[in-house]
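Subject: Structure handover

Hello,

Here is the structure for you to look at. My notes follow below it.

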Amino acid sequence: MADFIRVDAHVHLYRTPEEGYAEKTGYEVWEYGVQDDVHQSDCVGTVDELLQQMRSTQISKAVIVNLFSATVNRKIAVASLDDGMSESETAKRTADIDDWIRREVISFNQWNCSLSRQHPELAAFVAADVNALPGSLCAEHIRDMIENHAAAGVKLHGAFQGFDMSDERLWPTYQVCQDLNVPIIAHSGPDRESKGFAEPRAFAKMLDSFPQLRMVVAHLGGGTWTQTLDIAKAYPNTYFDCCEIIEWTQSDNGPTEKQLAQLIRDIGSSRVMMGSDFPWYDLDHSIDRVFSLPILSMEEKERIIGANAVDILGL
Ligand SMILES: [Zn+2]
């Protein structure tokens with residue numbers, strides 16, 4: 001038994017080592033600008049790697065927040081279509097791709113839930129994507145995952161999925177989460193095209209509309225962290241994890257260690273959880289980073305490393 005409860009509130013897993021390797025090498029963390037000595041994990045995101053790291057760090061629970069993007073999958077599939085096809089053939093093949101994406105997000109989420117069935121120390125947050133499942137289909141799918149497959153929450157990544165956090169197509173899904181009292185963990189940070197889909201201020205309208213919904217704004221706002229305190233103050237139903245940003249405290253656009261610790265203190269440290277963003281970073285390193293923060297008390301740090309996640313996510 002660990003001396004205090006330890007939870008990793010933000011990890012990614014992949015179905016195969018190849019898929020994990022491709023994701024890791026294809027995803028550049030650009031938003032913080034330059035930092036030379038960022039800690040990086042050698043892992044590629046398999047279940048066995050994660051369980052091994054959990055054992056060695058005495059982390060008793062990890063929250064899986066796997067990503068799915070219909071927009072990215074569709075783009076890749078459409079690009080592979082033959083140029084020489086007729087218009088009607090192209091239309092038919094595009095419709096086939098959309099059908100395939102609908103089935104794909106459902107089977108992806110079923111896989112996420114099967115992980116937590118096999119490994120009770122893993123909690124599955126499932127991907128909601130209104131570009132894959134339009135209208136109320138997304139909300140119905142999420143309800144099914146929660147009620148019948150033991151999904152513990154919902155994951156959103158507006159920058160990667162290509163929709164705004166306050167896109168009203170998400171309203172039925174938000175309503176289901178609020179009604180069933182299930183939290184959402186949403187990536188936050190800038191995007192390459194400056195659409196602002198996942199910046200902290202993009203959450204304001206949905207937070208206004210769903211005041212009982214527990215919304216975790218991941219990475220404390222990432223490269224747009226200076227917007228985070230306003231949102232935290234305006235909406236008491238917002239919570240945060242400090243993964244990734246805590247590894248980038250020497251960067252151009254990230255906060256310094258002192259600024260990060262002050263931000264956590266100003267928000268209220270009980271609203272902030274530790275995550276590793278495994279397999280980008282390692283679990284033991286994430287714990288060390290929290291312990292090395294200035295300003296915060298030892299008790300606050302220990303709660304960030306575990307007890308807060310139990311309370312916030314209802315684990
Ligand atoms: Zn992540």
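Which residues does V44 touch, not counting residues up to four places away in sequence? They are Y14, P17, G20, Y21, K24, E49 and P279. Contact here means heavy atoms within 4.5 Å.

Before the rest, some ground rules. This is a predicted model: local features need pLDDT of at least 70, side-chain atom pairs count only at pLDDT 80 or more, and totals for chains, interfaces and linings use all residues. Residues are numbered from 1 along each chain as its sequence is written, and side-chain values use heavy atoms, with hydrogens and water left out.

More on V44

V44 sits in the loop between α1 (17–26) and α2 (47–57). V44 is buried, at a relative accessible area of 17%. Buried means under 20% relative accessible area, exposed over 50%, and partly exposed in between (1.4 Å probe, protein chains only). R93 is 49 residues from V44 along the chain, and their C-alpha atoms are separated by 33 Å.

The zinc ion

Three protein donors hold positions around the zinc ion: H10 (NE2), H12 (NE2) and D277 (OD). They lie 2.1 to 2.2 Å from the zinc ion. Donors are N, O and S atoms within 2.8 Å of the metal (3.2 Å for Na, K and Ca); water is not among the atoms, so sites may look incomplete. Along the chain, the donor spacing is H-x1-H-x264-D. H10 lies in strand β1 (residues 7–11) and D277 in the loop between β8 (272–273) and α11 (283–291), so this pair ties together parts 267 residues apart in sequence. H10 is buried, with a relative accessible area of 1%. D277 is buried too, at 5%.

The whole chain

The protein chain has twelve helices and eight strands. These are DSSP runs, numbered from the N terminus: helices are H or I with at least four residues, strands E with at least two. The radius of gyration is 19 Å, close to the 20 Å that the globule rule gives for 315 residues, so the protein chain is as compact as a globular protein of that length. That radius is taken over C-alpha atoms, and the rule is 2.2 Å times the number of residues to the power 0.38. The C-alpha trace spans about 65 × 40 × 40 Å along its principal axes. Buried residues make up 58% of the 315. Among contacts with a separation of 6 or more, 80% come from residues 24 or more positions apart.

Best wishes
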